Amino acid sequence: MSSRKSFKIIFLFLILFSVSSTYGNKHRKPCKEMTVYFHDVVSNSTNSDNATASIVAAPAGNKLTTFAPEFRFGNIIVFNDPITVDSNFNSPPIGRAQGFYLYVDKNAPNSWISFSLVFNSTNLRGTINLMGSDPIWGNPVRNVSVVGGTGDFFMHTGIATLVTDSFEGLWYFRVKMDIKFYQCW
């Protein structure tokens, strides 16, 4: 066997071993974990003083201070919600959840979300970026992708498990997020 052919076989083996050890382990342990809460107060005609979210688009004929009928289909909400380490709305925030969610289903109030957790404190700096489908109703526990980050979370990826911790009418909800990073740099 020529040395060139041996080199190709060894190189191929190393690539296959590298790929299988990186992606083949379905029971990998997270390299970092954290739990945070974000508190969403959607603006309506009576709560604009403490609102952290606003309906910025609605189907034709709907007001921006009420949700659309038919499972809120077509509403787009932009938010800048406080992030806390516990479920208390009045706890000091450790950052902000900034982004938007769109109601995208005519059969159930399900949304698609894209947002960043923005940290700028002495303990945490940087962002965690999340996005994905959030089938709210009928799914008390949902997962969305952690697609990247900056600062202390540079290039981190993983899964955020979302649990609606409190839902008070149409205008306030609190989400508990258990974030597990499976790739840390």
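In the predicted model, strand β8 (residues 157–168) and strand β9 run antiparallel and are joined by 11 bridges; strands are DSSP runs of E of at least two residues, helices are runs of H or I of at least four, and both are numbered from the N terminus. Two strands are taken to pair if DSSP finds at least two bridges between them. Within β9, Val-175 is the bridge partner of Thr-164. Strand β9 (residues 172–183) also pairs with strand β1 (residues 32–41), in the antiparallel sense and over 10 bridges. Here Ile-179 in β9 is the bridge partner of Met-34. The protein contains 1 helix and 9 strands, and its elements follow the order α-β-β-β-β-β-β-β-β-β from the N terminus on.

As the model is predicted, local features need pLDDT of at least 70 and side-chain atom pairs count only at pLDDT 80 or more, whereas totals for chains, interfaces and linings use all residues. Residues are numbered from 1 along each chain as its sequence is written, and side-chain values use heavy atoms, with hydrogens and water left out.

Of the 185 residues in the protein, 35% are buried, where buried means under 20% relative accessible area, exposed over 50%, and partly exposed in between (1.4 Å probe, protein chains only). Among contacts in the protein with a separation of 6 or more, 46% are accounted for by residues 24 or more positions apart; a contact means heavy atoms within 4.5 Å.

Aromatic pairs were searched for over the whole structure, and 10 were found. Rings of Phe, Tyr and Trp (its six-membered ring) pair if their centres lie within 6.5 Å; planes under 30 degrees apart count as stacked, over 60 as edge-to-face and the rest as tilted. One of the pairs found in the search is formed by Tyr-101 and Phe-173, in an edge-to-face arrangement with 6.2 Å centre to centre and 70° between the planes. This pair links distant parts of the chain, since Tyr-101 belongs to strand β4 (residues 95–103) and Phe-173 to strand β9, 72 residues apart. Tyr-101 counts as buried because its relative accessibility is 5%, and Phe-173 is likewise buried, with a relative accessible area of 15%.

The search of the whole structure for cavities of 30 Å³ or more finds 1. A cavity is defined on a 1 Å grid over the protein atoms alone, as a set of points where a 1.4 Å probe fits but cannot get out; lining residues have an atom within 4 Å of a point. Grid points are joined across faces, edges and corners, and a volume is the space filled by probe spheres set on the points. The volume of the largest cavity is about 180 Å³. It is lined by 17 residues, of which Asp-134, Ile-136, Arg-142, Phe-173 and Val-175 are the closest to its centre. Two or more lining residues are given by each of β4, β5 (111–120), β8 and β9.

Strand β3 (residues 76–84) contains Ile-77, and Thr-84 is also placed in β3. Ile-77 counts as buried because its relative accessibility is 0%. The C-alpha atoms of Ile-77 and Ala-53 are 6.5 Å apart in space, although the residues are 24 apart in sequence. Thr-84 is buried, with a relative accessible area of 0%. Its side chain makes a polar contact with the side chain of His-39 (2.9 Å); such a contact is a pair of N or O atoms within 3.5 Å, and within protein one must be able to donate a hydrogen and the other to accept it, residues adjacent in sequence counting only if both atoms are side-chain atoms. A polar atom of the Thr-84 side chain also lies 2.4 Å from the backbone oxygen of Asp-86. Residues up to four places away in sequence not counted, Thr-84 touches Val-36, Tyr-37, His-39, Ser-91, Pro-92 and Pro-93.

Arg-125 lies in strand β6 (residues 125–134) and is partly exposed, with a relative accessible area of 47%. The side chains of Arg-125 and Asn-120 make a polar contact (2.3 Å). Met-155, in the loop between β7 (141–149) and β8, has a positive phi near 60° in a residue other than glycine. Met-155 counts as partly exposed because its relative accessibility is 40%.

Notes. On a 1 Å grid over the protein atoms alone, a cavity is a set of points where a 1.4 Å probe fits but cannot get out, and a pocket is an open set with protein on both sides within 12 Å along at least five of seven lines; lining residues have an atom within 4 Å of a point.
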